[in-house]
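This report concerns a selection of local packing features.

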Amino acid sequence: MTGRPVPVREEIRALRAYRLAPEDAPPIRAKLDFNESPFDVPGEIRADVLARLAAKRWGRYPEFGAPRLKKAIAEAIGRRPEEIVVGNGSGEVILAAVSVFAGGRTLVLSTPTFSLYGQIAAIAAARVTDVPRQGADFELAEEEFLDASARPGAVPLVCSPNNPTGGVVRSAFLDRLLDIAAVVLLDQAYVDFAPSADDALLSFGSRRNLVVFRTLSKAYAAAGFRIGYAVAPPALVVEIEKAVLPFSVDLAAEELAIAVLAHPEVARSHVERIVAERGRVADALAAAGCAVATSSANFLFVRPPDGDAARVRRGLLDRGILVRDMTAAAPGRLRVSIGSRAENDLFLEALQEVL
């Protein structure tokens, strides 16, 4: 008997799932493809977290609403707990916000940007208006983006610092965007690596239509535990939390988040070292004939001298160096995460051989 076809929304059927293909490569010597921290949570913090977990009852759900975690985040960034939404990575919170504000409406993006946004839009049943970035460094087309964001039912989602270009939006542009859009979604996953002037919470934190997304995956080296959050006015927090599944932050993630937030000096030290390495690697790439966009993140957006990013990426892979080929979104470009000094040296040495 032939069953009826399973109903799948067409926008979901058209998606390509976010997945990683296994690499045919020698042993990896430097993993610079996922914007992960080259550092890890210090041993003493790990031991403290494990001890606290050992004292908990694992058969019970986490405390509903994660009030301890919200309080820790609020204290770390100078906000109030009622302005915080927590989730299983910032991706979950972004999906919730897009569903609430842009579901059935239009999400305004500017590619190349974080590829997951398109998938999030499809899941949330949001249409996408894309305002392509322009020029050699793929700068945001500000006037066109503002025009698209001013249309009825439009919800802009901006990534700043942008993944993969590393650029930031100007405060004057963000000010204008907040004036014309009913709500602005701003992903600042990499803001810890940018100058403080680019922190939207410092400049625009009192705006009633701004939702800012953050993560502990990058500066806090906690990518393995999936902890993200949004900062928004309490009235918007109430709506976003309706779209976040209960207990999405588990016991282990909550305890780790509270522990690392209690030691901001560790994250600051990691950020300082990564920013210093970012400058050193950018200078070395420029000396090798590569075009390197100005970056305020923990990665670099690079065009090899011959513009053949796929060839260079394959040559690096053959030498055990993982970087991201961005050709599909940005022809001829690579995205290179900043690793430890030793990893960066391995990358630069291998790149010289490939070039």
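In this predicted model, helix α6 spans residues 142–149, and its buried residues are Glu142, Phe145, Leu146, Ala148 and Ser149. Their directions cover an arc of only 165° around the axis, and they therefore lie on the same side of α6. Among the elements that cover these buried residues are the strands β3, β4 and β5 as well as helix α7. Their residue ranges are given in the table.

| Element covering the buried residues of α6 | Residues |
|---|---|
| β3 | 106–109 |
| β4 | 127–130 |
| β5 | 154–159 |
| α7 | 171–180 |

A second topic is the packing of two helices. Two packed helices are described by the angle between their axes and by the distance between the axes. For α4 (residues 90–102) and α5 (residues 116–123), the angle is about 45° and the axes are 9 Å apart. The two helices are therefore oblique to each other, and the crossing of α4 and α5 is right-handed. On the α4 side, the contact is made by Gly91, Ile94, Leu95 and Val98; α5 contributes Tyr117, Ile120, Ala121 and Ile123. By class, the residues of this contact comprise 7 nonpolar, 1 polar and no charged.

Asp33 is located in the loop between β1 (30–31) and α2 (43–54). Is Asp33 buried or exposed? Its relative accessible area is 10%, so Asp33 is buried, the cut-off being under 20%. Leaving aside residues up to four places away in sequence, Asp33 touches Leu322, Val323, Arg324, Arg335 and Ser337.

Note on methods. Residues numbered from 1 in each chain as written. Predicted model: local features only at pLDDT ≥ 70, side-chain atom pairs only at ≥ 80, totals over all residues. Heavy atoms only, no water. Axes fitted to C-alpha atoms, helices over the stretch in contact; angles between N-to-C directions. Helix = DSSP H or I, 4+ residues; strand = E, 2+ residues; numbered from the N terminus. Parallel < 35°, antiparallel > 145°, perpendicular 65-115°, else oblique. Left-handed = near helix turned anticlockwise from the far one by under 90°. Contact = heavy atoms within 4.5 Å. Nonpolar A, V, L, I, M, F, W, Y, C, P; charged D, E, K, R; others polar. Buried < 20%, exposed > 50% of the residue type's maximum accessible area, 1.4 Å probe, protein only. Arc of directions from axis to C-beta.
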